[in-house]
Amino acid sequence: MNARTISQGILRSVGIILGIVLLLYFLWKIQSVIAYLAIAAVIALIGRPVVLFLRRKLKLPNTLAVIITMALMISVLGGIIALFVPLLTEQGKNLSLLDINQLEQNLNSLHQQIVNFIGTAPNVVDEIIEETDFEKTIVDSLNVGFIPNFLNSFLDVLSTASIGLFSVLFISFFFLKDSNLFQSGILAFVNENNEGKTVNSIDKINNLLSRYFVGLLLQIFILFVIYTITLLILDIENAIVIAFLCALFNIIPYVGPIIGGVIMVVLTMTSNLGMDFSTVILPKAGYVLIGLLIGQLVDNFFSQPLIFSNSVKSHPLEIFLIIIIAGLLFGVVGMIVAVPGYTAIKVILKEFLSENKLVKSLTKSL
């Protein structure tokens, strides 16, 4: 190997690295476009069963079926906005304007009431307060400031959502109308010998993920209804927005319900400060916990089996391990995309490595 060959190899390696860096930089700069494409793909997957029903059962032309589907989805979205967003915005503003210092004092006061209620002597409480300097109690570790920050961010996104809404709807329309558009783009990079397997993989992935995302929407809606009924019965302030946020947290597997439950219980208890702890605050917190328990029982024994077992054809233990691994590797985002990503990988492996023993055992339910 001479110097010229070595120099050419070095230049080629540098060129490849430079190309990868430029590609990543380009993708980072167009991240909003990528987000639009991802959202449009999810919307297209949700609307796909409706389009297929209109085409196959009612024998409508493809374009008309897509137009009707998009009209239905926009109508549903408009109805949700008309019914819930004004209420969410009003309650969200109230909740986002929380005085954090006051909330911290309320939580510390609540903490002292709990300690007194379970029988701890007052002098022990005073020692705890002095040792923790009162301000550095459990409240600081909770970092409750994220609540109004999250709500303010949500309201900002809500107010500026119209900027990207047209783009998302436009892309979704063509994803539904030209169902082979995405497929054609992938096939452009696939060897001709593997085109058939690639097409089969894409079709299976579309079917499975369509059912998954529809089921996920149903899961969130069921929890939202249960939480809202619970909080409204208890006459909790900002009930709608609290229920909405807690149901939305359920998108994050395993961890999300815990976070949402803690937020719901804490806000319930702090909204009733000034009332008797043993006869008002504690019973309301108990009823909220019962509502949370009912919601999670319905979710664990109805919603999740419907979504995970019937839609993505995976065992619950298998899903649990994949979500935990994805969470350790990629954080919260990894936990959210773990199930659809793993489903797509399983379909591809079954199509291209169907003879492998391990692949057979993992994909026998597909």
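Predicted model: local features only at pLDDT ≥ 70, side-chain atom pairs only at ≥ 80, totals over all residues.
Trainee: In what order do the elements run from the N terminus on?
Mentor: They run α-α-α-α-α-α-α-α-α-α-α-α-α-α. The protein has 14 helices and zero strands. Helices (H or I, at least four residues) and strands (E, at least two) are DSSP runs, numbered from the N terminus.

Trainee: How many salt bridges does the structure hold?
Mentor: Two. A salt bridge puts a side-chain nitrogen of Lys or Arg within 4 Å of a carboxyl oxygen of Asp or Glu.

Trainee: Which residue meets K204 in a salt bridge?
Mentor: E351, at 3.4 Å, N to O. K204 sits in helix α9 (residues 195–233) and E351 in helix α13 (residues 316–352), so the pair ties together parts that are 147 residues apart in sequence.

Trainee: Is E351 buried or exposed?
Mentor: Buried, with a relative accessible area of 15%. K204 is partly exposed, at 37%. Buried means under 20% relative accessible area, exposed over 50%, partly exposed in between (1.4 Å probe, protein chains only).

Trainee: And which residue forms a salt bridge with E318?
Mentor: K346. The closest N and O atoms are 3.4 Å apart. E318 counts as buried at 19% relative accessibility. K346 is buried too, at 2%.

Trainee: New topic. How much of the protein is buried?
Mentor: Buried residues make up 33% of the 366 residues.

Trainee: What about contacts?
Mentor: Take contacts between residues at least 6 apart in sequence. Of these, 70% join residues at least 24 apart. Contact means heavy atoms within 4.5 Å.

Trainee: Now the surface. Which residues gather in a patch of positive charge?
Mentor: R55, R56, K57 and K59. Patch residues have over 30% relative accessible area and no salt bridge, and like charges are joined within 9 Å. Lys and Arg count as positive.

Trainee: Where does R55 lie?
Mentor: In helix α2 (residues 31–56). At 35% relative accessibility, R55 counts as partly exposed.

Note on methods. Residues numbered from 1 in each chain as written. Heavy atoms only, no water. Patch = residues over 30% accessible without salt bridge, like charges linked within 9 Å, V, L, I, M, F, W, Y side chains within 5 Å. Areas by Shrake-Rupley, 256 points an atom, 1.4 Å probe, with all protein chains shown as cover. Charge placed at Lys NZ, Arg CZ, Asp CG, Glu CD.
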